[in-house]
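Welcome! Let us take a friendly walk through a few residues of this protein and see where they sit.

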Amino acid sequence: MSTGFFGDLQPIQYAGPSSRDPLTYRHYNKDEIVLGKRMEDHLRLAVCYWHNFCWPGSDPFGGETFMRSWMAAGGDPMDQARLKADVAFEMFQILGMPFFTFHDRDIAPEGKTLAESNANVNAIADIFEKKMADTGIGLLWGTANMFSNRRFMSGAATNPDPDVFAYAAAQVKNAMDVTQRLNGANYVLWGGREGYETLLNTNIKQELDQLGRFLNMVVEYKHKIGFKGAILIEPKPQEPSKHQYDYDVATVYGFLKAYGLENEVKMNIEQGHAILAGHSFEHELHMARSLGIFGSVDMNRNDYQCGWDTDHFGMNVPELALAYYEILLAGGFTSGGTNFDAKLRRQSLDPVDLIQAHVGSADAIARGLKAAAEMIEDGRMKGFVDDRYAGWQKPENAEILKGGSSLETLAERVHTSDLEPQPKSGKQEYLESLANLFV
Ligand code: XUL
Ligand code: CO
């Protein structure tokens, strides 16, 4: 039986690029073949639980604006969680998207003890199991919320109190068990409070060692239970911490190397977090593919005038085209996908706004993917880059990088022929114009 929350809204249809109805898919055509693969399998779109069904529209200056019935004060929290699950699956089906994502605390209320909290999570997971079997909707990833409760105010794995570390381990164990049971394609760790507020009370070496050991235990447990998905870290430079240890892709790579995890953990890269770190989304994606740790993306967009993580829905096709170009160059998604880590503006009160936001953004993403595929098929953008480095393919130059050279041998090469390298154009405007041909 329908909850009635979405009124008589019917599943969103693909109507083609000529459609003038913003509540149709104009580009997101799940069966369309792009570079030999169905669009749905390229993008692996996922709807997140937290922004859609848990956030009430509050900001630091004001409270709830959405007044969702499953958040009403005084209601039974488990009844509310069950209603929320019903509404969530109605929304996934209206959108026709193949995946969802959640934190343990999004789906069920916290109990008096961890055992009670786990029982609540597991009871809602029972409901999910049935709904997933009925609808074919899958779990892109699960995660544990270890940043909202006050026990985590000084960190979870990086807390100075070993009891909090133990509590966090116990909570992650259950979240991984639930993710495994629901056949999750990945497990994500985003450490919002794994950082510091002031160096005056902080021992960074101690905290990094704790975080390194914690992540190793997560990987050990993954192998123990036979979880097939990837373990993903989601970098973010700050907010809520003043400084977060998982600052950006390059920083996390150094951390993974230091703790022997570079072959075990991949990146979940978020557009808004890249901007907070002073990078572009493409930079983070390119860095991850270069280091061999590209995994998945959290799709959103920050407001460039704000200094915080605004989690807008991504609607900018030229930006998305360059992002999916990087994703295609990375070989595309394997276990990962495109998770909408995006929320409505707090004035967008209507249930249909939730639908419109996802439809509009999915369509911009699909348009971006098609543009990126054309960039690949055209070949000139990548061809230019390949040519630019082609000198390194010559045996005598390839040898340099293999270690077969020294400052002395290279000095001899220069001096014997009075070598004077000739600069070549980097052709930035040509490449930018070329990229614009496809968007
Ligand atoms: C926070 C953020 C999280 C993670 C999951 O900025 O992006 O929602 O995606 O914990
Ligand atoms: Co995110």
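What follows looks at a group of annotated residues and then at one glutamine.

This is a predicted model, in which local features need pLDDT of at least 70, side-chain atom pairs count only at pLDDT 80 or more, and totals for chains, interfaces and linings use all residues. Residues are numbered from 1 along each chain as its sequence is written, and side-chain values use heavy atoms, without hydrogens and water.

An unreviewed UniProt entry lists E234, E270, D298 and D341 under "binding site"; such annotations may be inferred rather than shown by experiment. These residues are spread over 108 residues of sequence, yet they cluster in space, with a largest C-alpha distance of 11.7 Å.

E234 sits in the loop between β8 (230-233) and β9 (243-244), while D341 belongs to the loop between β12 (338-340) and α12 (351-378). Helices (H or I, at least four residues) and strands (E, at least two) are DSSP runs, numbered from the N terminus.

Contact means heavy atoms within 4.5 Å. Leaving out residues up to four places away in sequence, E234 touches E270, D298 and D341, among others. D341 has contacts that include C48, W50 and H51.

Q171 lies in helix α6 (residues 162-181). Its side chain reaches the backbone oxygen of N145 at 3.0 Å, a polar contact being a pair of N or O atoms within 3.5 Å, one able to donate a hydrogen and the other to accept it, where residues adjacent in sequence count only if both atoms are side-chain atoms.

How buried are these residues? Buried means under 20% relative accessible area, exposed over 50%, and partly exposed in between (1.4 Å probe, protein chains only).

| Residue | Relative accessibility | Class |
|---|---|---|
| Q171 | 1% | buried |
| E234 | 3% | buried |
| D341 | 7% | buried |

Notes. Chains are lettered from A and ligands numbered from 1 in the order in which they are written.
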